[in-house]
Amino acid sequence: MTANDRFFQTKQAAAVLKHGILARYPTVFTTMTSVGRVDGRVVYLDGYAGPGRYEPEGDAAEGEPGSPLIAIRTAETVKTWKRTLHCVFVERNRTYADNLRTVLAEDAGPGLSYEVLDGDVQGHVDHVLSVAGSSPLFAFLDPFGTALPYAELRHTLLGRDTRLITEVLLNFNVHMVGRIGGYLTGDEEDEETTGGRSATLARMDAFLGGPWWQDEFRNARLSNDEGSAARAAMHIVEQFRRKVHDDTGFQSFAVPIRRRPHHNPLFVMLLFYRHAAAPYMFNESVSKANEEWRHHQHNIETAELLESLNDEQPNLFDVDDEGYTARYLEERVDKAERKLEEEWITLIAENIRHHVKSGPLPVEARLTDIHGTTLGLARPMHLTRAWDRLAEEGVVERRLPDKKLRMRRQTIYPVSR
Ligand SMILES: C[S@@+](CC[C@H](N)C(=O)[O-])C[C@H]1O[C@@H](n2cnc3c(N)ncnc32)[C@H](O)[C@@H]1O
């Protein structure tokens, strides 16, 4: 059994964040981009779809939904608002593709519009573009390793007419870059032959758009201290984002995905977008998905702790009541969440205080400056509190009530003295 086969046996913590984003943002994309369109139609490509569901765990009757079922839920939701989300699922593994057809036949409600295609996504991109026509297109690319060759991505999905709405969400396997980069620096030892390694490097060159990344990786790795491979891999992600922007004009929003909070990222979800509203809307989805992920981490830690409690050994929770321990841990998590939120509000307030000195700050256009390191963690409710705090201090003008003008359309003005 390969690592890829094992992938669908247990839903990993990293998938909680990935699926949390998928459960939210495509709904926002579909509703926003179809406003004013007569047919209300949007096309969704899930290019590396998988079998549709994970395998059931423990006593569960069925496994957790995979990305196609999440897309289908989105299609069901937007259908109630008279929008059509046409989903195209592509899966190269025949068994998974068949399983996906079965899962969708059982699960998808009536009147939904979707197709499942066998084979390599590369062979289906032209079909997807023609199915999309002038409709907004959202493409989710979630390979195990490298995705579509860069030339293909650039000239097809990212090469659509700039008047059409296109976004691509790429789950970039940063851990793989660190591992394969190790072939260049002699740090990675595995069983691949020299020929196997050259083929792997060639695949990586194709994915990243040339061998440019090899020298970048070697140089970034020079310090050779602990964690430098992970840092070098993140440097390649940054260079890749810059390259896409230079070549296509698409900007990107990056979301690191970790197994545990203090680990190096395994993946970076990259949203490539053109529309000015995208980062604001995406940030809100990511922030909520990150909250869900922290709760998932907490549940893992609680389960581990409860399991380790042993009557024969004295422990911190010397109370013969699992419910008490779980409640105590729950309260501790709530406290930690409130502390985190307070830190974000302070950081956002400091960013605003600093940037507003140079002039008004339109929220949508200056989101990155306003959020700084809280991007992907904090959301409008935290920005509102930071803004109100500075207004109380007399640093900035008060905001308009959200009902009057959406928060993302507002501008933070310094108080003129
Ligand atoms: C990480 S899994 C996808 C997980 C799925 N997106 C989810 O979240 O439930 C990657 C999938 O892509 C498939 N795959 C790999 N290379 C492919 C290709 N070139 N074209 C289409 N599918 C491919 C694999 O068989 C595997 O099922």
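Reader: At what angle do helix H3 and helix H12 pack?
Author: This is a predicted model, where local features need pLDDT of at least 70, side-chain atom pairs count only at pLDDT 80 or more, and totals for chains, interfaces and linings use all residues. Residues are numbered from 1 along each chain as its sequence is written. Axes are lines fitted to C-alpha atoms, for helices over the stretch in contact, and angles run from 0 to 180 degrees between N-to-C directions. H3 covers residues 25–33 and H12 residues 278–308; their axes lie 9 Å apart, at an angle of about 155 degrees.

Reader: Are H3 and H12 roughly parallel or antiparallel?
Author: Angles under 35 degrees count as roughly parallel, over 145 as roughly antiparallel, 65 to 115 as roughly perpendicular, and the rest as oblique. The angle here is about 155 degrees. H3 and H12 are therefore roughly antiparallel.

Reader: Which residues of H12 does H3 meet?
Author: Contact requires C-beta atoms, placed from the backbone, within 7 Å. H3 contributes Tyr25, Val28 and Met32. Their partners in H12 are Met281, Phe282 and Ser285.

Reader: How many residues of the contact of H3 with H12 are nonpolar?
Author: Ala, Val, Leu, Ile, Met, Phe, Trp, Tyr, Cys and Pro count as nonpolar, Asp, Glu, Lys and Arg as charged, and the others, Gly among them, as polar. One residue of this contact is polar and no residue is charged. The nonpolar residues number five.

Reader: Is Met32 buried, exposed or partly exposed?
Author: A residue is buried if 20 or more other C-beta atoms, placed from the backbone, lie within 10 Å of its own, exposed if 12 or fewer, and partly exposed in between. Met32 lies in helix H3. It has 15 C-beta neighbours inside 10 Å, so Met32 is partly exposed.

Reader: How far apart in space are Met32 and Ala277?
Author: Beyond its neighbours within four places in sequence, Met32 is in contact with Ala277 and Met281. Met32 and Ala277 are 245 residues apart in sequence. From C-alpha to C-alpha, the distance is 9.3 Å.

Reader: What is the handedness of the crossing of H2 and H12?
Author: H2 (residues 13–22) packs on H12 at about 150 degrees, with axes 8 Å apart. The two are therefore roughly antiparallel. A crossing is left-handed if the near helix is turned anticlockwise from the far one by less than a right angle, and right-handed if clockwise. The crossing of H2 and H12 is right-handed.

Reader: Which residues is Ser252 in contact with, leaving aside its neighbours within four places in sequence?
Author: Ser252 lies in strand E6 (residues 251–257). With 22 other C-beta atoms within 10 Å, Ser252 is buried. Its contacts are Arg241, Val244, Leu270, Leu271 and Phe272.

Reader: How many helices and strands are in the protein?
Author: Helices (H or I, at least four residues) and strands (E, at least two) are DSSP runs, numbered from the N terminus. The protein has 15 helices and nine strands.

Reader: What share of the 417 residues in the protein is buried?
Author: Along its principal axes the C-alpha trace spans about 70 × 65 × 55 Å. Buried residues make up 36%.

How values were computed. Two residues are in contact if their C-beta atoms, placed from the backbone, lie within 7 Å.
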